[in-house]
4 protein chains.
Amino acid sequence: MAALRVTVWNEGVHETTQPAIAAIYPEGIHGAIAEGLRDLLGEEVAVRTATLADPEHGLSEAVLAETDVLLWWGHIAHDQVADEVVERVREHVLGGMGLIVLHSGHFSKIFIRMLGTTCSLRWRNPEGGERELVWNVNPTHPIAAGVEQPIVIEAQEMYGEFFDIPTPDDLVFISSFTGGEVFRSGVTFTRGRGKIFYFSPGDQEYPVYFHPQVRRVLANGVQWAAPVAGARVAPAVSNPQPI
Amino acid sequence: MAALRVTVWNEGVHETTQPAIAAIYPEGIHGAIAEGLRDLLGEEVAVRTATLADPEHGLSEAVLAETDVLLWWGHIAHDQVADEVVERVREHVLGGMGLIVLHSGHFSKIFIRMLGTTCSLRWRNPEGGERELVWNVNPTHPIAAGVEQPIVIEAQEMYGEFFDIPTPDDLVFISSFTGGEVFRSGVTFTRGRGKIFYFSPGDQEYPVYFHPQVRRVLANGVQWAAPVAGARVAPAVSNPQPI
Amino acid sequence: MAALRVTVWNEGVHETTQPAIAAIYPEGIHGAIAEGLRDLLGEEVAVRTATLADPEHGLSEAVLAETDVLLWWGHIAHDQVADEVVERVREHVLGGMGLIVLHSGHFSKIFIRMLGTTCSLRWRNPEGGERELVWNVNPTHPIAAGVEQPIVIEAQEMYGEFFDIPTPDDLVFISSFTGGEVFRSGVTFTRGRGKIFYFSPGDQEYPVYFHPQVRRVLANGVQWAAPVAGARVAPAVSNPQPI
Amino acid sequence: MAALRVTVWNEGVHETTQPAIAAIYPEGIHGAIAEGLRDLLGEEVAVRTATLADPEHGLSEAVLAETDVLLWWGHIAHDQVADEVVERVREHVLGGMGLIVLHSGHFSKIFIRMLGTTCSLRWRNPEGGERELVWNVNPTHPIAAGVEQPIVIEAQEMYGEFFDIPTPDDLVFISSFTGGEVFRSGVTFTRGRGKIFYFSPGDQEYPVYFHPQVRRVLANGVQWAAPVAGARVAPAVSNPQPI
């Protein structure tokens, strides 16, 4: 079987402007995520990365047309992502490209555009973070395959409910935090012919993308989000013809 | 209990430009819908109407703030609806206002904006229409309360699958047509604090909005879509604060 | 509108055999629940109670035929509930009677019979209990209407995931506990023409059924679970005829 | 990767007692289904068959423990299936074994036991059958991968709504029939750690299990229903311990 073509997108601003964060992610957040996918999936994937600073943010029509699954990490530069690129990504998702949105990507233009809601949530980031426990509530789900119960993340930013998203297709993980908040931290959606997975663990201040269990979830997510046979079609956002 | 405040919106173009359609809907499509709601719900509702030609399309901030449930019918003038009004409606839906989208409203800006998909479908409108049978697949649902199984609509435009919408929260009705197509014709969604009901039966060329069973469904839909106690909040589309 | 006819069922064993628990619930757990419903819903409900010790456990064909919504609390005497009564309740639920299953009722014969799974969960009951926070994740849901975010219950037994239930129709509440566990504590299902609501807060050792917010949830639940117009039919468990 | 271990179960009564049906399915319905799986999946599967007449109906503890996915076809002999075997199958499904229930298996003991409802439906079988069109309403679903839109089955028994099942996790296919009825003909459920797929096309009087598109759906279904890594556990139906 041909390798899954994966593109890991990261705004890449924290790592290039804040030395403390560059120390945590010397290859960038995208580099850490890409490394995890390559380690776990080997020849099953061909992984490339792209960032905000690249021409067209590294997400040209050609790149998207050759991407089976796109991962998205953004935080402080959501507004700098060109609307044209957002619309291009949306068309490819509707046409069948998988999309995995990570952590603070809940406020990315592409996530809000696909879901239609505010995607707002409750949050808090005390010095040193809080312990997050990630509980699997759907043991039949491919995204949870082989994952420990619970995943223990010693230090994380708190994300809590109410998380303003549409009812997910599948609820896979629910997290708790030291303060007693809960969060639907692993949820899936379908939009058009594309699958979307949102996974909240992972922050620029904590080395979460090196956590073996988090890496396992992302590797599972990539395999789950890839289009099934026959599903991928050319982008068509407002096509009144039968599809 | 105070009456539910309902606004029936209709682009109102067919009836004012095509005599054959004005003959079917002499008070406009909005007039027929409003009449049905008043007949069935009496003092439980206070119904007003609004059209594209009204200032701000009849959907000013003041009107929306006093609307519990908005019904939306549009077809040939989707593009003429101001983006600003669409965004205003979206904010009120996210804040808790109910929204009922009818028939060709599947291609309205507001529906596509709320759902994120293309909302395209398969369609055909032969001379004289086709028989539509509307089957209730969820007898516990308030929207189906007291409705015949199936609803028989002698003449309708055909709408068929694949209907490009997100997975609905509730699937209430599935229709079949003479040609053998099927369609998820009654589906619900939640977005933010608001409820959305899409119901496909109802076309400008056929007197569907005078059908007693269709009127019952719309009356049920209005009651279902009204915000529950405490749900309605001021509009806030991109609010990063905890809500 | 006629009053909703509610039957609160409780095995009633703890209160009649353990003085410490009788001191918490002097009128029985059923008495506390019935009182809360009467206080909040007044003339909208006609509430009766029934217990294991009553003839036919107080759940004769006549009683069930006159019950719109049945609440169920059981814990140490699940096995003493007659299979015949369980089957009778099941038939009425499938015919449209609402069912609200409470706390340790997750292991009742009726709950397991309706859902088909083991309904097992993770649990712990340390001396003095743990703090439970009950978070609303669905602000549009009638069961959550007017309920505080979160509900704070100072002392409770811990129930945690994985909770072995089918995917709920609606997920309304998620709880966290002092130990960091999470639990889908408010979930709904439909079975046949009947609606089912499971709500976990409420234990014999803690005065949870006097908590104003818990009482509000149960009152909302009763209104939600009542059959919609036309839904209730005579019991028919294995009827091969069209229904 | 090791081959998926598939067991195709068929009551096998029609073919052994009715020559007209034996002529359609000379190797039995189970034989036709097994042949289709072997043709499409090759070395990815190891397929065996079992029938009612076998000792323990061919479903001993040893067979089930070595089965990843069980397919079930029954019609006129549901009552002859031993309760003990039904319970054994249920335990394995809850422990992670996949289950695919076919056509008239909607009234099998195992299906009713897993779902909790009556599983009744509307049906009609006129001389020569009716045309069934099977529409894919979920193009992202693995079970629909590579399947034509719609599947056309020239002659079939009619199954129609209301189909008394719980709300499915995923709705994949909706069928229409010549008479205008609709039916949720491809639906999935999860129960415990196991996945269930119900697919209605396929009757003893029509050669549906030789239809290439139906065979494709069943092959996809087997791959979908197989347990994910780590999901399969020893059977435990009423285990109060944390799982």
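Please keep in mind that the model is predicted. Side chains of opposite charge can pair when their charged atoms come close. Over all chains, the structure holds 48 salt bridges.

| Pair | N to O distance |
|---|---|
| A:Arg5 and A:Asp68 | 3.0 Å |
| A:Arg113 and A:Glu87 | 3.5 Å |
| C:Glu56 and C:Arg88 | 2.9 Å |

**Two pairs in chain A**

Let us begin with the salt bridge between A:Arg5 and A:Asp68. This pair links distant parts of the chain, 63 residues apart. A:Arg5 sits in strand β1 (residues 4–10), while A:Asp68 belongs to the loop between α4 (61–65) and β3 (69–73). The two partners can also be described by their accessibility. A:Arg5 is partly exposed, with a relative accessible area of 34%, whereas A:Asp68 has a value of 11% and is buried, because buried means under 20%.

Next comes the salt bridge that joins A:Arg113 and A:Glu87. A:Arg113 is found in helix α6 (residues 109–115) and A:Glu87 in helix α5 (residues 83–95), so the pair ties together parts of chain A that are 26 residues apart in sequence. A:Glu87 is partly exposed, at 24% relative accessible area.

**A pair in chain C**

In chain C, the salt bridge of C:Glu56 and C:Arg88 again links distant parts of the chain, here 32 residues apart. C:Glu56 lies in the loop between β2 (45–51) and α4 (61–65), and C:Arg88 in helix α5 (residues 83–95). With a relative accessible area of 43%, C:Glu56 is partly exposed; C:Arg88, at 11%, counts as buried.

Salt bridges can also share partners: A:Glu35, A:Asp39 and A:Arg215 are joined into one network in this way.

**A buried glutamate without a salt bridge**

Finally, turn to chain B, where B:Glu132 lies in strand β6 (residues 130–136). B:Glu132 is buried yet has no salt bridge. The nearest side chain of opposite charge belongs to B:Arg131 and is 10.0 Å away. What B:Glu132 does have is a polar contact of 2.6 Å between its side chain and that of B:Ser175. Leaving aside neighbours within four places in sequence, the residues in contact with B:Glu132 include B:Ile151, B:Val152, B:Ile153, B:Gln156, B:Phe177 and B:Pro201. Several serines are also among them, including B:Ser175, B:Ser176, B:Ser185 and B:Ser200.

Technical notes
Residues numbered from 1 in each chain as written. Chains lettered and ligands numbered in written order. Predicted model: local features only at pLDDT ≥ 70, side-chain atom pairs only at ≥ 80, totals over all residues. Heavy atoms only, no water. Helix = DSSP H or I, 4+ residues; strand = E, 2+ residues; numbered from the N terminus. Buried < 20%, exposed > 50% of the residue type's maximum accessible area, 1.4 Å probe, protein only. Lys, Arg positive; Asp, Glu negative; His and termini not counted. Salt bridge = Lys/Arg side-chain N within 4 Å of Asp/Glu carboxyl O. Polar contact = N/O pair within 3.5 Å; in protein donor to acceptor, adjacent residues only side chain to side chain. Contact = heavy atoms within 4.5 Å.
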